[in-house]
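I opened a new structure today and kept a notebook as I went. Here is what I looked up, one entry at a time.

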Amino acid sequence: VNTTEAVKAVVRAAPDARYVSSLGTSTSALILATGDGPHVYMGGAMGSGLAVAIGVADRRREDRVIGIIGDGDLLMGSSALWTMAGLELPNLTAVIISDRSYSITGGQALVADASSAGVASALGIRAVRVAGESALEACIAEDRCRLVEATVEPGAAWPGPSPFVDPYRVRTRFRAALAGASPMP
Ligand SMILES: [Mg+2]
């Protein structure tokens with residue numbers, strides 16, 4: 001599967017979740033998979049995706065929060081895994097899009113081919129590594145793991161470069177969605 005197919009499988013399994021995506025292909029894929037739904041898209045700040053997802057989940061305990069996090073982004077902000085382990089948020093799922101490369105900056109290989117699920121497990125986070133759309137969809141629907149490492153095809157260019165993200169628009173739409181207001185354009 002490529003990144004877009006993986007994210008679509010996640011959204012099919014949890015259409016009502018609040019989503020946070022790290023910059024780059026994660027944001028491109030989430031915009032595509034949700035029809036530009038009112039979620040938190042990171043347009044920059046590489047390495048902060050998981051930390052932001054943790055923050056949203058901590059403040060919105062009544063909602064299921066799913067982070068769509070690139071493996072390069074996770075590597076840059078991996079200390080957030082320690083926070084995630086400590087907080088033990090039952091409403092948070094981190095989906096790590098694992099293509100073993102920094103897809104947004106040209107596909108450079110990650111220096112270490114480490115398993116994010118393995119690292120998370122070592123910290124006591126219930127984690128699993130899955131491959132394929134149906135396995136991923138079932139895993140998200142079951143909602144038993146807090147970190148799901150989804151392996152995707154390395155080098156798959158689509159969905160392409162990081163889209164322009166207007167932080168003000170993202171924030172305004174997300175807050176309106178949390179308040180139950182109808183989606184804003
Ligand atoms: Mg990557």
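**Entry 1: the kind of model**

I noted first that this is a predicted model.

**Entry 2: the magnesium ion**

Which residues coordinate the magnesium ion? I found D71 and D99, each through an OD atom, and S101 through its O atom, at 2.1 to 2.2 Å. I wrote the spacing of these donor residues in sequence as D-x27-D-x1-S. D71 sits in helix α4 (residues 71–76), while D99 sits in the loop between β4 (92–98) and β5 (101–102).

Next I traced the strands. I found an open sheet of six strands in the order β2-β1-β3-β4-β8-β7, and the pairing is parallel. Which strands form the edges? They are β2 and β7 (127–131), each of which pairs on one side only.

Then I went through some of the pairs:

- β3 (residues 65–70) pairs with β4 in the parallel sense over six bridges. I69 has I96 in β4 as its bridge partner.
- β4 and β8 run parallel and are joined by five bridges. Here I97 stands opposite A150 in β8.
- β7 and β8 also run parallel, joined by five bridges. Here A127 stands opposite L147 in β8.

**Entry 3: helix α8**

Which residues of α8 are buried? I listed V170, R173, F174, A176 and A177. They cover an arc of only 160 degrees around the axis, so they lie on the same side of α8. The face turned away from this buried side carries the exposed residues P167, Y168 and R175. I then asked what the buried residues of α8 pack against. The partners are β1 (18–21), β2 (40–41) and α3 (49–59).

D166 caps the N-terminal end of α8, with a side-chain oxygen 3.0 Å from the backbone nitrogen of Y168. After α8 comes G180, which has a positive phi near 85 degrees.

**Entry 4: R18, an arginine inside**

R18 is found in strand β1. Is R18 buried or exposed? Its relative accessibility is 18%, so R18 counts as buried, the cut-off being under 20%. Leaving out residues up to four places away in sequence, I found that R18 touches H39, R60, D63, R64, V65, I66, F174, A177 and L178. Two of these names, F174 and A177, are also on my list of buried residues in α8.

**Entry 5: N91 in a loop**

N91 lies in the loop between α5 (80–87) and β4. With a relative accessible area of 7%, N91 is buried. Which backbone oxygens does its side chain reach? One belongs to A57, at 3.0 Å. Another belongs to D63, which lies 3.0 Å from a polar atom of the N91 side chain. Apart from neighbours within four places in sequence, N91 is in contact with A57, R60, R61, D63, R64 and V65.

- D36 is not a glycine, yet its phi is positive, about 60 degrees. It lies in the loop between α2 (25–34) and β2. Its relative accessible area is 23%, and D36 is partly exposed.
- E88 is not a glycine either, and its phi is positive, about 50 degrees. I found E88 in the loop between α5 and β4. At 62% relative accessibility, E88 counts as exposed.

Definitions and conventions: Residues are numbered from 1 along each chain as its sequence is written. This is a predicted model: local features need pLDDT of at least 70, side-chain atom pairs count only at pLDDT 80 or more; totals for chains, interfaces and linings use all residues. Side-chain values use heavy atoms; hydrogens and water are left out. Donors are N, O and S atoms within 2.8 Å of the metal (3.2 Å for Na, K and Ca); water is not among the atoms, so sites may look incomplete. Helices (H or I, at least four residues) and strands (E, at least two) are DSSP runs, numbered from the N terminus. Buried means under 20% relative accessible area, exposed over 50%, partly exposed in between (1.4 Å probe, protein chains only). The arc is that of the directions from the helix axis to the C-beta atoms. Contact means heavy atoms within 4.5 Å. A polar contact is a pair of N or O atoms within 3.5 Å; within protein, one must be able to donate a hydrogen and the other to accept it, and residues adjacent in sequence count only if both atoms are side-chain atoms. Two strands pair if DSSP finds at least two bridges between them.
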